[in-house]
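Please look through the model shown here with the notes below beside you.

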Amino acid sequence: MKRLPPTGTAGLLERLSPHIPDDLINSLFLQRSGPGRRGLFSAAQLFRVNLLVLLTPAHSFNLLVALLAEHRSWRTFARLRNRVRVPDVRMLHEFRQQLDLTKLRCVNEYLLRPLIEGTAGFAKTVALIDSTDLPAGTNAYKKIRLANTVRSGR
């Protein structure tokens, strides 16, 4: 089995970059047509910058934006052509709000399709963990209001 380079290195970003479906990501986000403000960055570029928060030691948007100018390999991974013109923190937060569960599942399905098709000849089944946030089905963690309870002894 081939080993991946360490997290945050240019080698890891080079190995992962071809697997990101830029065309699919761009198709999931509606492009505004007509007059008005034109977006400076594509959805795929903003997606890649969001991935940099996970793949590099910069674990916040503020730190990532500050360090993007210094790290050419990060800008290459995010397909940002200009050293000075990089997405700001507001753009990244707005993009992350638009990146809902349905869009992430489409990307996940696209990435897993070759893996699952390659296992069609096996007799075993494959189970994948999906970390969807669901409300708890129990009342054990709910707060109990003391004002509604009857106090005895007074």
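1. Arg48 touches Ser17, Ile20, Asp22, Phe77, Ala78 and Arg79, leaving aside residues up to four places away in sequence, where contact means heavy atoms within 4.5 Å. The place of Arg48 is in helix α3, and at 1% relative accessibility Arg48 counts as buried. Buried means under 20% relative accessible area, exposed means over 50%, and partly exposed is in between, with a 1.4 Å probe and protein chains only.

2. Before going further, please keep in mind that this is a predicted model, in which local features need pLDDT of at least 70 and side-chain atom pairs count only at pLDDT 80 or more, while totals for chains, interfaces and linings use all residues. Residues are numbered from 1 along each chain as its sequence is written, and side-chain values use heavy atoms, with hydrogens and water left out.

3. One of the residues touched by Arg48 is Arg79, which is found in the loop between α5 and α6. Arg79 is partly exposed, with a relative accessible area of 41%. For comparison, most residues other than glycine have a negative phi.

4. As to the chain as a whole, it has seven helices and zero strands, so that reading along the sequence gives the pattern α-α-α-α-α-α-α. Helices (H or I, at least four residues) and strands (E, at least two) are DSSP runs, numbered from the N terminus. Of the 154 residues of the chain, 25% count as buried. Among contacts between residues at least 6 apart in sequence, 61% join residues at least 24 apart.

5. The packing of α3 and α4 deserves a careful look. These two helices pack at an angle of about 105°, with their axes 10 Å apart, the axes being lines fitted to C-alpha atoms, for helices over the stretch in contact, and the angles running from 0 to 180 degrees between N-to-C directions. That makes α3 roughly perpendicular to α4, since angles of 65 to 115 degrees count as roughly perpendicular, those under 35 as roughly parallel, those over 145 as roughly antiparallel and the rest as oblique. The contact is made by Val49, Asn50, Leu52 and Val53 of α3 together with Phe61, Leu64 and Leu68 of α4. By class, the contact of α3 with α4 has six nonpolar, one polar and no charged residues; here Ala, Val, Leu, Ile, Met, Phe, Trp, Tyr, Cys and Pro count as nonpolar, Asp, Glu, Lys and Arg as charged, and the others, Gly among them, as polar.

6. Which residues of α4 are buried? They are Phe61, Leu64 and Leu68. Seen down the axis of α4, these buried residues fall within an arc of 60°, so they line one face of the helix, the arc being that of the directions from the helix axis to the C-beta atoms. The buried residues of α4 pack against α3 (43-55), α5 (72-77) and α6.

7. Helix α4 (residues 61-68) and helix α6 (residues 89-98) pack at an angle of about 130°, with their axes 9 Å apart. The two are therefore oblique to each other. On the α4 side the contact is made by Phe61, Asn62 and Val65, and on the α6 side by Val89, Leu92, His93 and Arg96. These residues divide into four nonpolar, two polar and one charged.

8. The remaining pair to examine is α3 and α6, which pack at an angle of about 100°, with their axes 10 Å apart. That makes α3 roughly perpendicular to α6. The contact is made by Ala43, Leu46, Phe47, Val49 and Asn50 of α3 and by Leu92, Phe95 and Arg96 of α6, and by class it has six nonpolar, one polar and one charged residues.

9. Ser60 lies in the loop between α3 and α4 and is partly exposed, with a relative accessible area of 33%. Ser60 and Val89 are 29 residues apart in sequence and 9.4 Å apart in space, C-alpha to C-alpha.
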